[in-house]
Structures are given as C-alpha cells and as structure tokens.
Amino acid sequence: MESLRMIENWPVPTAAAAVVRADGTLAGSHGPTGHRFALASVTKPLTAYAALVAVEEGAVELDEPAGPVGSTVRHLLAHTSGLAFDEHRPMAEPGTRRLYSNAGFEALGDHIAKATDIPFAEYLRQAVLEPLGMTSTDLTGSPAKDGVSTVEDLARFAAELQRPRLLAPQTVAEATSVAFPGLAGVLPGYGNQRPNDWGLGFEIRDRKSQHWTGTSSSPRTYGHFGQAGTFLWVDPEAGAACVALADRAFGPWAIEVWPLLTDAVLAELGRA
C-alpha cells in the first residue's frame, strides 16, 4: 500500500507498519516488519485476549472478584476498578470512573496466574502467542506494558481480532463494545473525554476528540496505542486493521502523524 510509505517521513529512528484485511490477508506492509519493538501499552490487548481465553476455559469468570474490594475481572479489563494509574491504590469505587490503570492490568495478570497456577507470561504464550504463531513476541515484565513484538506478529493478532479462532466471535464482540457506558475519564496523552469509552482491554473510538486514530475512522474503531510510539487499530466499517510500531516515545510527533497515516490508509482502502 502506497499510504504506508508515509512512515518513511516520521521523525523516528525505525518504523514499520502493516494493514490486514478482515479476511486475514495482508493488504500491505512497509519497513522492517520483523524488527522487535517495545510495545508499551499495546501489550494490554494481548493481555486482555489471554484473560478472555481464561474466561472461556473456565479458569476465571468476568464477574468474579479481582483487584480491590468490589472490583471484578471485568472492571480490571475496562479500567473501572478504581485503581490508580501506576499504584495498587484505590482512587474511586469500582464502576464509577474510567481510571486508566497499569496497576489494574498487573492485578489482572496476578489473578489469572493464581487461578491457572501458571505464570502469566507463560499463560499468555500458551493461550495466545503460540497458537497464532507469534514467535517473536514476549512478555518481559508487566502485563500492562512490557510486551515486545514485531509488525509481522501483530498482523497475525490483527487477523485474529477480525476473524477469531481462539475465542468465540461473541466474546470478541463483547470485548470490543463499550463496557460500563457513560463513564468519563482521561485518555492518556489526549486529556479528558466525556464519555471515555472502553471495551474489555480495547479502547473504543466512538466520538472522542482529539484522538490517535483518523478523522475518517468509524466510531466502531477499537484498539490501543502505546507510549513507546506504537498502535494497533481495527476499523470494522473499513474491514481492516492497521499496526504501526516505532522506537520513539509518544509525543507531539505521534499526535500529528498517526491520524494522517490512518486517514491515508482508509482512503486507499476505500479506493481499492
């Protein structure tokens, strides 16, 4: 895809990107797609997917207690447990605010590890990475932010999101629909959003402004971005997903160029 060449002009040392159609085929890629990048919070969708596998396997339930008092697995996945951003300290009653929380995803990983008697990084490998052939992906620490992967591997994950094999389609549909609707909160890097809609481990585009996806992205678009300069989105209306990884920390450069790339990709897909 010609639009992906835009990453050549990004002010980053290294970048790679790919677009995956809804049928799982590769629409295009550019850059060193086998290069391993730190994912930062793009780790969270992988963690969430493993958690949903654990739910379907019966190891945990979405509405069982997990995290702080009154919180459940569902609350942790949806950033509504009330835990602080990077501290295992309650800041609000569960279900009342959308508090984006690395600590919540760490509590989720601990909960699944105890329920399965398998270290979470190993559970993630067995439940998601290995079945999808994501051989260049590892979790090296926190389930919230310490994933390492390649565009090639995340393209496989993007294909799975659009045509799931590891989960029932209705499970993925629930995870990518708004959980606890109407809650306000801060979208990191983009300020207060009312509402700040999330699914179970996936951010939902809806009508947010400003946003890291494109001006032409549909409200149903879901995905995640990371402070390492990384993103993955799926736009069901466009029938495609896009992965872009870079090795420069998120900042004004990303706020400027990410939506431009997304809009160019969507325009090219629309012409195809």
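**View 1. A polar atom of the T43 side chain lies 2.8 Å from the backbone nitrogen of G147.** This is a polar contact (N or O atoms within 3.5 Å; within protein, one able to donate a hydrogen and the other to accept it, and residues adjacent in sequence counting only if both atoms are side-chain atoms). The model is predicted: local features need pLDDT of at least 70 and side-chain atom pairs pLDDT 80 or more, whereas totals for chains, interfaces and linings use all residues. Residues are numbered from 1 along each chain as its sequence is written, and side-chain values use heavy atoms, without hydrogens and water. T43 belongs to helix 1 (residues 43-57); helices (H or I, at least four residues) and strands (E, at least two) are DSSP runs numbered from the N terminus. With a relative accessibility of 1%, T43 is buried (under 20% relative accessible area; exposed is over 50%, partly exposed in between; 1.4 Å probe, protein chains only).

**View 2. D138 and R36 form a salt bridge, at 3.2 Å from N to O.** D138 lies in strand 4 (residues 138-139) and R36 in the loop between strand 2 (26-30) and strand 3 (37-40), so the pair ties together parts 102 residues apart in sequence. A salt bridge places a side-chain nitrogen of Lys or Arg within 4 Å of a carboxyl oxygen of Asp or Glu. Both residues are partly exposed, D138 at 35% and R36 at 39%.

**View 3. D63 and R74 form a salt bridge whose closest N and O atoms are 2.8 Å apart.** D63 is in the loop between helix 1 and helix 2 (73-77), and R74 is in helix 2. D63 is exposed at 51%, whereas R74 is buried at 18%.
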